[in-house]
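This report describes one protein chain for a reader who is new to structural models. Please keep the sequence and the structure in view while reading.

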Amino acid sequence: LYSEMGQHEHALEIFQRATELRPDDADLYASLGDAYRNLGLTDDAIQAYRQALMIDPDHTIAAEMVAVGRERIAQEWKRILDAERHIDAAPGDITRYPTAVAAYVAARRYQDALSVSNQMLALEPDNPRCYSALAEVYEAMEDAPQAIASWSKVVELEPDNTEAWEHLGTWQTSEGHLSEAITAYERAVELDASNVGARF
């Protein structure tokens with residue numbers, strides 16, 4: 001039920017408890033693998049599917065999902081390697097870095113994404129694009145204080161950035177900083193009166 005509702009973290013917790021109660025149930029491990037996969041935790045999903053296959057070597061769904069997971073990991077690595085090679089060709093060109101940041105975030109390799117973002121900052125510490133990249137990583141990590149700090153730096157450097165003001169409002173809201181959130185949303189609307197999200 002949690003999975004169908006899109007509440008994959010709750011589903012994961014329930015399936016983990018279920019496999020502890022019935023460790024010889026291949027279907028439960030396959031469902032556990034699905035929960036991991038829905039959260040983007042491909043390596044953990046593969047391990048769960050593999051456990052299902054250890055219990056039942058003929059579990060076709062688990063076998064198929066292991067193959068799917070391996071292919072996904074291969075694609076993620078290819079995207080990362082391509083992005084890193086693109087940087088290597090001209091490491092002084094800051095415009096080459098955001099692709100690598102996005103690739104690492106997609107693979108949930110957040111420390112690597114932060115490392116690339118900090119390399120951008122070392123190159124151009126006053127470039128708002130560097131802080132935007134950093135903010136996107138912290139958003140993916142759901143680190144609200146750091147996301148707020150990063151978006152705040154973006155709007156300081158680029159006060160006409162409507163999207164940055166809207167992001168800042170969103171994270172201020174998540175932390176319960178409602179007056180600050182309203183200020184950020186009002187600024188976004190001033191810059192773009194058609195911004196439905198900020199107006200809402």
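The lining of the largest pocket consists of five nonpolar, two polar and five charged residues. Here Ala, Val, Leu, Ile, Met, Phe, Trp, Tyr, Cys and Pro count as nonpolar, Asp, Glu, Lys and Arg as charged, and the others, Gly among them, as polar. The model is predicted: local features need pLDDT of at least 70, side-chain atom pairs count only at pLDDT 80 or more, and totals for chains, interfaces and linings use all residues. Residues are numbered from 1 along each chain as its sequence is written, and side-chain values use heavy atoms, with hydrogens and water left out.

**The pocket.** On a 1 Å grid over the protein atoms alone, a pocket is an open set of points where a 1.4 Å probe fits, with protein on both sides within 12 Å along at least five of seven lines; lining residues have an atom within 4 Å of a point. The largest pocket has a volume of about 170 Å³. Its lining includes Asp 43, Trp 77 and Arg 108. Helices α3 (42-55) and α4 (60-89) each supply at least two lining residues, and the largest share, four residues, comes from α4.

**Confidence.** The mean pLDDT (the predictor's confidence in each residue, from 0 to 100) is 94 for the protein, and 100% of its residues reach 70 or more.

**The cores.** A nonpolar core is a set of buried Ala, Val, Leu, Ile, Met, Phe, Trp, Tyr and Cys residues joined through side-chain atoms within 4.5 Å. The largest such core has 38 residues, and Trp 151 and Trp 165 are among those with the most contacts inside it. Helix α7 (128-140) is one of the elements that give two or more residues to this core; α7 gives the most, with seven residues. Apart from this core lies another, of 14 residues, including Ala 35 and Met 65.

**Two residues compared.** Buried means under 20% relative accessible area, exposed over 50%, and partly exposed in between (1.4 Å probe, protein chains only).

Ser 132 is in contact (heavy atoms within 4.5 Å) with Trp 151 and Val 154, not counting residues up to four places away in sequence. The C-alpha atoms of Gln 111 and Asp 82 are separated by 18 Å, and these residues stand 29 residues apart along the chain.

Methods: Points joined across faces, edges and corners; volume = space filled by probe spheres on them.
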